[in-house]
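Please examine the sequence and the three-dimensional structure shown here before reading on. The paragraphs that follow lead from the surroundings of the ligands to the fold and then to single residues.

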Amino acid sequence: MSLVIGLTGGIASGKSTVSNMLKEMDITVVDADVEARLAVDKGEPAYLKIIAEFGQEILLENGDIDRQKLGAIIFYQEEKRQLLNQIVHPEVRKRMMEKIQKATENQEELIILDIPLLFESKLTFMVEKTILVYVDRETQLKRLMQRNQLSAADALARVNSQMPLAEKVKLADAVIDNNGSIEDAKKQLIEILAGWGIQKTYQ
Ligand SMILES: CC(C)(COP(=O)(O)OP(=O)(O)OC[C@H]1O[C@@H](n2cnc3c(N)ncnc32)[C@H](O)[C@@H]1O)[C@@H](O)C(=O)NCCC(=O)NCCS
Ligand SMILES: Nc1ncnc2c1ncn2[C@@H]1O[C@H](COP(=O)(O)OP(=O)(O)OP(=O)(O)O)[C@@H](O)[C@H]1O
């Protein structure tokens with residue numbers, strides 16, 4: 001049986017940075033954000049439902065979903081966010097389950113599920129252990145504004161649409177404090193895995 005670990009955090013807390021370290025260790029990572037993008041590709045069931053609910057004006061000229069426009073709606077309006085979640089999340093879960101099954105069939109020892117909303121969406125039943133990538137609120141907002149070129153208000157709306165990281169700390173089995181350097185985060189990751197009996201050579 002494969003060991004399934006959930007990797008979570010908040011927006012811009014450093015999940016991708018940590019999941020890249022795991023990929024470099026040749027560990028399979030299934031990324032919910034990637035699956036959520038695939039689920040809304042042109043013609044997919046969720047794509048059609050989004051148009052039905054949000055209207056044609058949510059599309060770019062080439063027919064793709066205008067992610068910036070959809071983000072500007074759902075990060076400011078909770079009921080619209082819930083509506084989008086109801087459309088996209090079941091598809092994401094289905095796609096992730098398929099990937100888990102494939103990795104299990106390949107007898108992979110370890111599978112990481114990178115799910116930003118693991119706790120909010122009560123998906124811990126999918127994993128055996130959880131790792132939280134934590135940063136303080138100030139660092140999170142600063143990194144988010146820098147990475148996505150967002151105003152303070154837009155960054156705050158995104159952070160406030162999620163469970164506070166201080167709350168997630170209480171729910172996680174292990175925490176990586178990513179306020180320091182990337183090297184520092186890497187050391188913590190290796191220690192956590194070693195503590196769970198997982199030894200991988202990091203290149
Ligand atoms: C709103 C959308 C169009 C914005 O797209 P964009 O390319 O700007 O952002 P991206 O998808 O890369 O998400 C970045 C981060 O935003 C946060 N986020 C995304 N959706 C949500 C949400 N519904 N609630 C809270 N946080 C969210 C996550 O931390 C995620 O890692 C997109 O995030 C989306 O379709 N969201 C709904 C699906 C979803 O919940 N995805 C998150 C994991 S399943
Ligand atoms: N320890 C660190 N020191 C400095 N910058 C960092 C550190 N860790 C991550 N970053 C930077 O912070 C930003 C957010 O990191 P990353 O993209 O890994 O977060 P994420 O949790 O995957 O975000 P999202 O959920 O929004 O996709 C990126 O620009 C990344 O390069």
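A residue is near a molecule or strand if its C-beta atom, placed from the backbone, lies within 6 Å of it.

The model is predicted: local features need pLDDT of at least 70, side-chain atom pairs count only at pLDDT 80 or more, and totals for chains, interfaces and linings use all residues. Residues are numbered from 1 along each chain as its sequence is written, while chains are lettered from A and ligands numbered from 1 in the order in which they are written.

Ala, Val, Leu, Ile, Met, Phe, Trp, Tyr, Cys and Pro count as nonpolar, Asp, Glu, Lys and Arg as charged, and the others, Gly among them, as polar.

Ligand 1 has 17 residues around it, of which I11, A32, R67, G71 and P116 come nearest. Helices α2 (32-39), α4 (67-74) and α5 (78-105) each supply at least two residues of this shell. The most, five residues, come from α5. By class, the shell around ligand 1 divides into ten nonpolar, four polar and three charged residues.

Two residues are in contact if their C-beta atoms, placed from the backbone, lie within 7 Å. Among the contacts in the protein chain with a separation of 6 or more, 72% are accounted for by residues 24 or more positions apart.

A residue is buried if 20 or more other C-beta atoms lie within 10 Å of its own, exposed if 12 or fewer, and partly exposed in between; these C-beta atoms are placed from the backbone. Buried residues make up 30% of the 203 residues in the protein chain. In soluble globular proteins, nonpolar side chains tend to be buried together. A nonpolar core is a set of buried Ala, Val, Leu, Ile, Met, Phe, Trp, Tyr and Cys residues joined through C-beta atoms within 7 Å. The largest one here has 40 residues, and V18, A46, V88, I112, L113 and I176 have the most contacts inside it. Helix α5 gives the most to this core, with five residues. Leaving aside residues up to four places away in sequence, V18 touches L7, V133, I176, A185 and L189.

The UniProt annotation "binding site", from an unreviewed entry, covers A12, S13, G14, K15, S16 and T17. UniProt positions are given in the numbering used here, feature names are shortened, and annotations may be inferred rather than shown by experiment. Within this stretch, G14 lies in the loop between β1 (3-9) and α1. G14 counts as buried because it has 22 C-beta neighbours inside 10 Å. Apart from residues up to four places away in sequence, G14 touches G9, V133, V135, N178 and A185. T17, in contrast, is placed in helix α1, and T17 counts as partly exposed because it has 18 C-beta neighbours inside 10 Å.

Most residues other than glycine have a negative phi, and most peptide bonds are trans. A12, although not a glycine, has a positive phi of about 60°. A12 lies in the loop between β1 and α1, and its 25 C-beta neighbours inside 10 Å make it buried. D26 also is not a glycine and has a positive phi, of about 65°. Is D26 buried or exposed? With 11 C-beta neighbours inside 10 Å, D26 counts as exposed.

Note on methods:
Helices (H or I, at least four residues) and strands (E, at least two) are DSSP runs, numbered from the N terminus.
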